[in-house]
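Dear colleague,

Please find below the structure that I am handing over to you. My notes on it follow directly after.

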Amino acid sequence: MKEKERTTYRKIEYSRKESIYLIVRGLEVGVVAGLVSVLYRYSLSFAESGLMRVIDFVKGNPLKIAVWFVVLALIGVGISFLNKWEPMAAGSGIPQVNGEIKGNFNPSWIRIILCKFIGGTASVFSGLSLGREGPSVQLGGMAAKGVARLTKADRTTELRMISCGAGAGMAAAFNAPLTGIMFVLEEIHRTFDKNILCMGIVSAITADFISKLFFGQSTTFNYDTVNFPLRYYWLLALIGVILGISGALYNLVMVKAQDIYKSIKAVPNYIKMPIVFVFSGIVGLVMPQILCGGHTMSEMLLSERPTLTYTIILLVCKFLFGVISFACGAPGGTLYPLCVLGAYLGAVFGLVSMDVLNLGPEFYEEFVVIGMAGFFSSIVRSPITGIVLVYELTGNMNNILPLATVSLISYATANLMGVSPIYESLLERILKNNDDEPEFHLKDEKVLREFIVPMGSPIDRKTVSSIDWGKHCLVVSVERDGVSVTPKGDTMIKEGDELVILVSQRHLAKDTERLDRIING
């Protein structure tokens with residue numbers, strides 16, 4: 001009996017120490033990722049305000065406009081060479097982080113941070129329709145990776161820190177800590193890992209606190225919510241279907257635009273990229289409202305309530321300009337721009353519904369935020385993250401039921417259309433074009449992977465020895481009902497179990513993918 005008590009005490013002590021270790025690591029990640037994201041936000045703010053001053057300065061003067069176009073072309077040339085020097089810094093950054101967590105990439109964290117800062121700031125100063133949120137995810141992940149490398153953390157801890165750094169970056173970019181950790185669990189890991197949850201909550205809250213110290217605590221959208229009448233819930237189902245179809249088409253167009261841009265091989269990128277940047281200059285002179293991430297458009301939507309015709313014009317122009325900006329691969333994200341597009345889709349639907357059904361003007365903001373959540377859910381295919389994001393952007397829980405209804409319907413509709421989520425599609429294309437082996441291919445370090453056995457799993461009620469885990473994988477622990485069990489050959493696996501599997505780093509990407517198929521079907 002005494003021996004059992006001692007064993008139990010040792011397990012409790014180990015669990016306590018591990019929790020403290022994860023909290024400390026989370027604090028480290030949160031501080032560094034938060035500071036990097038804050039600095040990036042400031043950099044983009046200065047770039048955007050500088051862009052507006054330049055537009056005001058050159059407008060109406062042909063000579064000044066010509067000089068400005070030359071400057072934009074030179075910036076485009078610089079960005080093209082920056083992307084060539086560090087391809088992993090191009091585009092959003094979220095697929096790259098996802099790929100590294102899965103074991104496909106291992107880029108230089110210093111080069112990523114340097115290129116993302118320079119490229120992202122230059123792209124926003126040029127007016128491209130790109131946001132800060134995706135790059136903040138990658139910057140947060142790479143900042144965390146830098147801390148892991150400098151403190152000589154093992155590879156398992158490093159990957160956890162990168163994941164939590166990505167969530168902390170999103171938390172700081174949106175001032176939304178719950179969104180940060182939910183994004184990591186739902187989008188990047190797609191499983192409930194209690195170690196990631198523990199470290200991630202600490203890092204996201206810490207990064208959000210640092211962000212609020214610099215930018216204040218006000219939410220992005222402030223409005224007085226109203227209770228959506230139950231008799232009009234059929235409108236929520238309708239807008240959910242419309243947003244689901246729109247999100248699926250958005251993914252198809254965005255990916256196709258990248259393919260078309262890359263297929264023009266007769267023209268080198270250092271010529272194609274400047275053309276896009278000069279085009280951005282033309283857009284800035286004609287319709288400056290649609291430049292950059294879309295913060296101007298979101299403020300206009302709620303404060304000025306543009307007419308239905310003008311709302312549709314802004315929506316279409318923002319979408320087309322966003323497609324062109326994204327296709328060229330300039331460093332910058334799509335998260336906030338797609339949220340703005342969703343808000344405008346919701347506004348269009350709301351204006352039509354209000355006119356046809358004689359709904360009061362107080363329902364306008366409801367349709368705006370509902371559109372944002374539904375469009376996000378259909379594109380990213382992370383409905384819970386979409387719901388939490390809009391809640392944190394508005395600071396209002398009274399509309400959770402309408403948000404959840406629309407988000408889940410749009411998510412299901414997009415899935416039924418058979419179109420892959422945007423970041424999954426982008427990762428597939430990066431892998432297709434990336435022939436380099438990760439730099440850790442010579443190391444023999446092992447990595448721990450955690451998997452939750454879902455309901456209906458192919459391995460439910462099977463013994464450990466009856467499953468072909470692969471020669472590079474070893475099941476080291478089965479956690480059930482809060483108790484860790486050292487697995488033996490006859491240990492039966494049940495749904496809800498958390499499997500801790502040791503994987504060779506050399507085969508991390510392939511083995512993780514195969515284990516996911518074995519466990520999830």
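The expected span of a helix is taken as 1.5 Å times one less than its number of residues, and helices (H or I, at least four residues) and strands (E, at least two) are DSSP runs, numbered from the N terminus. Please note that this is a predicted model, in which local features need pLDDT of at least 70 and side-chain atom pairs count only at pLDDT 80 or more, while totals for chains, interfaces and linings use all residues. Residues are numbered from 1 along each chain as its sequence is written, and side-chain values use heavy atoms, with hydrogens and water left out.

Helix α7 and its ends

Helix α7 (residues 177-189) has 13 residues and reaches 17 Å from its first C-alpha to its last, close to the 18 Å expected at 1.5 Å a residue. It bends by about 30° at Phe183, the bend being the angle between axes fitted to the seven residues ending there and the seven starting there. Of the 13 residues of α7, 11 are buried, so the helix is largely enclosed by the rest of the structure. Here, buried means under 20% relative accessible area, exposed over 50%, and partly exposed in between (1.4 Å probe, protein chains only). Among the buried residues of α7 are Pro177, Phe183 and His189.

Most residues other than glycine have a negative phi. Just after α7, however, Arg190 takes a positive phi of about 55°. In the loop between α6 (155-174) and α7 lies Asn175, whose phi is near 55°, again a positive value. Asn175 counts as buried, at 12% relative accessibility. Arg461, in the loop between β1 (446-452) and β2 (462-463), has a positive phi near 70°; at 54% relative accessibility, Arg461 counts as exposed.

Aromatic pairs

A search of the whole structure finds 14 aromatic pairs. Rings of Phe, Tyr and Trp (its six-membered ring) pair if their centres lie within 6.5 Å; planes under 30 degrees apart count as stacked, over 60 as edge-to-face and the rest as tilted. Phe228 and Phe367 form an edge-to-face pair, at 5.7 Å centre to centre and 80° between the planes. This pair links distant parts of the chain, 139 residues apart: Phe228 is in the loop between α8 and α9 (233-263), and Phe367 is in helix α14 (residues 364-380). Both Phe228 and Phe367 are buried.

The rings of Tyr250 and Phe375 have their centres 5.6 Å apart and their planes at 75°, so this pair is edge-to-face. Tyr250 lies in helix α9 and Phe375 in helix α14, so the pair ties together parts that are 125 residues apart in sequence. Tyr250 and Phe375 are both buried. One aromatic cluster is formed by Phe228, Tyr233, Phe349, Phe363 and Phe367.

Other positions

Which helix holds Arg517? Arg517 is found in helix α18 (residues 508-520) and is partly exposed, with a relative accessible area of 47%. The C-alpha atoms of Arg517 and Thr309 are separated by 48 Å, and these residues are 208 apart along the chain. Phe214 lies in helix α8 and is also partly exposed, with a relative accessible area of 42%.

With kind regards
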